[in-house]
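Please read the following report alongside the sequence and the structure.

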Amino acid sequence: MTARTTQTPFQLFDTDSLIGEEERAIRDTVRRFVEDRIKPEIADWYESGSIPARDLAKELGALGVLGMHLDGYGCAGTSATAYGLACLELEAGDSGLRSLVSVQGSLAMFAIWRHGSDEQKQEWLPPMAAGEAIGCFGLTEPDFGSNPAGMRTRAVRDGSDWRLTGNKMWITNGSVADVAVVWAQTDDGIRGFVVPTDTPGFMAPEIKKKMSLRASVTSELVLDDVRLPADAVLPGATGLSGPLSCLNEARYGIVFGALGAARDSLETAIAYAKDRDIFDKPLAAYQLTQAKLADMSLELGKGMLLALHLGRLKDAGSLRPEQVSLGKLNNVRESIAIARECRTILGAAGITLEHPVLRHANNLESVLTYEGTSEVHQLVIGRALTGEAAFR
Ligand code: TGC
Ligand code: FAD
């Protein structure tokens, strides 16, 4: 019997025909970096719960992915679609790697780029784009995750200075950051502050014993009467719309990124099923296996079409927050389902770090929760459909 030519899920959908030449070149460069630099090391980093964040930040800076869709200040100024494709390739390595890049570029850098003064931009954006300075973004608090409007961290005036007091929780990159963008209540509503992490009173203990995102630094931020100069405040942001505008950027990256974890899981499962003989023939030759592979490929391909559509809307400047919610909700929910189903195809072998599938599934538990839980995105979509806000 002659072997048939096979296609990958994305080849089945011919999604490459929707991507420009330059975008494909960027994607392929990031994919090579992940294959050569990340995949050989990631299982060990995950098992030990540590990553060489400082080295990686510099390498990612040299690759040009930090704040890559922003203009000026050393940023590459690519299309939003190219940024999405880069997120997909990074997350095919590990969600923790994509998180490092999302938090740096879409949250910390974007906050300064969109809402900062010229001086703040000049001081922080070039070293952050190069990966010489690492940023974090402190919005969530121990008692206020889905509802950041209730935050208790407070900044009060002291002469022309500010004094900042409070606690932030679950902050990616916190313990390795050089600069933290911290959101706090003030007499004028919620404001953002650019806080160099060597300021007295700033501490960032790392959160340990995680079962998800183990190859990512997650921290608490303790702000114990941190004194900041008048020009530490982001002049362009007043109210909750300031931090939420940054979340749109990071959520957009996740719309693509989650599909990378799913693609890597599915490619692993297909290769494994072809290789593994069960009851005297390859696992891939059973109808039950093929039904799983077909259904997963459908969801992966549909997710990619949705991501590319949202990417084009973003490039045209017309992407709305509720549309980002459609993509984040669907693509993370389907990607975690794919990673879990792939694990069944690998049987017992699927539970180890020899294969990436359970690592991806465990990581996607965090991705399902951060940047707005699935329930929050259902409620955003529900509000868009009905006009009724059902958050409270
Ligand atoms: P609501 O009354 O709806 O809005 C308050 C003000 O904000 C404006 N707004 C937005 N602006 C920009 N983008 C959006 N997506 C916006 N959504 C709302 C809105 O127009 C209003 O403006 P104004 O001028 O009238 O004041 O606010 P709400 O308190 O009812 O909350 C709505 C809700 C629940 C959707 C929001 O609080 C929310 O999204 N909660 C989820 C919190 C969240 O996602 N946190 C993420 C923290 S960062 C993180 O997880 C990083 S993970 C690491 C990684 O990315 O890898
Ligand atoms: P809660 O808000 O307590 O939610 C608990 C449950 O209640 C969820 O299922 C939720 O969907 C549900 N729920 C909430 N509201 C409603 C409602 N109105 N109706 C029905 N159900 C509801 N934050 C940052 O600021 N910066 C970071 O860099 C960052 N990095 C993170 C990294 C990791 C690994 C993780 C896990 C989290 C990170 N976060 C970060 C925090 C993240 O954004 C929050 O965990 C998330 O917003 C949810 O908040 P919570 O965990 O407090 O859950």
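A polar side-chain atom of Thr172 is placed 2.9 Å from a nitrogen atom of ligand 2, a polar contact (a pair of N or O atoms within 3.5 Å; within protein, one must be able to donate a hydrogen and the other to accept it, and residues adjacent in sequence count only if both atoms are side-chain atoms). This is a predicted model, in which local features need pLDDT of at least 70 and side-chain atom pairs count only at pLDDT 80 or more, while totals for chains, interfaces and linings use all residues. Residues are numbered from 1 along each chain as its sequence is written, chains are lettered from A and ligands numbered from 1 in the order in which they are written, and side-chain values use heavy atoms, with hydrogens and water left out.

**The two ligands**

Around ligand 2 there are 16 residues, of which Thr140, Ser146, Trp170, Thr373 and Glu375 come nearest; a residue is near a molecule if one of its heavy atoms lies within 4 Å of it. Ligand 1 has 26 residues around it, and Ser99, Asn248, Arg251, Gly372 and Arg383 come nearest.

| Residue and atom | Ligand atom | Distance |
|---|---|---|
| Leu139, backbone N or O | ligand 2, oxygen | 3.0 Å |
| Trp170, backbone N or O | ligand 2, nitrogen | 2.7 Å |
| Arg98, side-chain N or O | ligand 1, oxygen | 3.2 Å |
| Ser99, side-chain N or O | ligand 1, oxygen | 2.7 Å |
| Asn248, polar side-chain atom | ligand 1, nitrogen | 2.8 Å |

**Domains and their interface**

The domain assignment of the protein chain gives domain 1 (9–129), domain 2 (135–239) and domain 3 (242–386); such bounds come from an automatic or database assignment. The C-alpha centres of domain 1 and domain 2 are 23 Å apart. In all, 28 residues of domain 1 are in contact with 27 residues of domain 2, where contact means heavy atoms within 4.5 Å.

The size of an interface is often given as the accessible area lost when the parts come together. Between domain 1 and domain 2 the buried area is about 2000 Å², and carbon and sulfur atoms give 64% of it; this is the accessible area (1.4 Å probe) that two parts lose on being put together, summed over both. On the side of domain 1, Tyr46, His115 and Trp124 lose the most area to domain 2, together 27% of what that side buries.

Across this interface of domain 1 and domain 2 the rule finds one salt bridge, that is, a side-chain nitrogen of Lys or Arg within 4 Å of a carboxyl oxygen of Asp or Glu. It also finds ten residue pairs in polar contact, both residues at pLDDT 80 or more. Helices H3 (42–48), H4 (53–63), H6 (95–115) and H7 (118–129) are the elements that give two or more residues to the side of domain 1 that touches domain 2; helices are DSSP runs (H or I, at least four residues), numbered from the N terminus. Helix H6 supplies the largest share of that side, twelve residues.

**Contacts elsewhere in the chain**

The structure holds 27 salt bridges. In one of them, the side chains of Glu89 and Arg31 meet at 3.1 Å, N to O. This pair links distant parts of the chain, with Glu89 in helix H5 (residues 80–93) and Arg31 in helix H2 (residues 21–38), 58 residues apart.

Which residues does Ser366 contact, leaving aside its neighbours within four places in sequence? They are Ser212 and Leu213. Ser366 belongs to helix H11 (residues 357–369), and a polar contact of 2.7 Å joins the side chains of Ser366 and Ser212.
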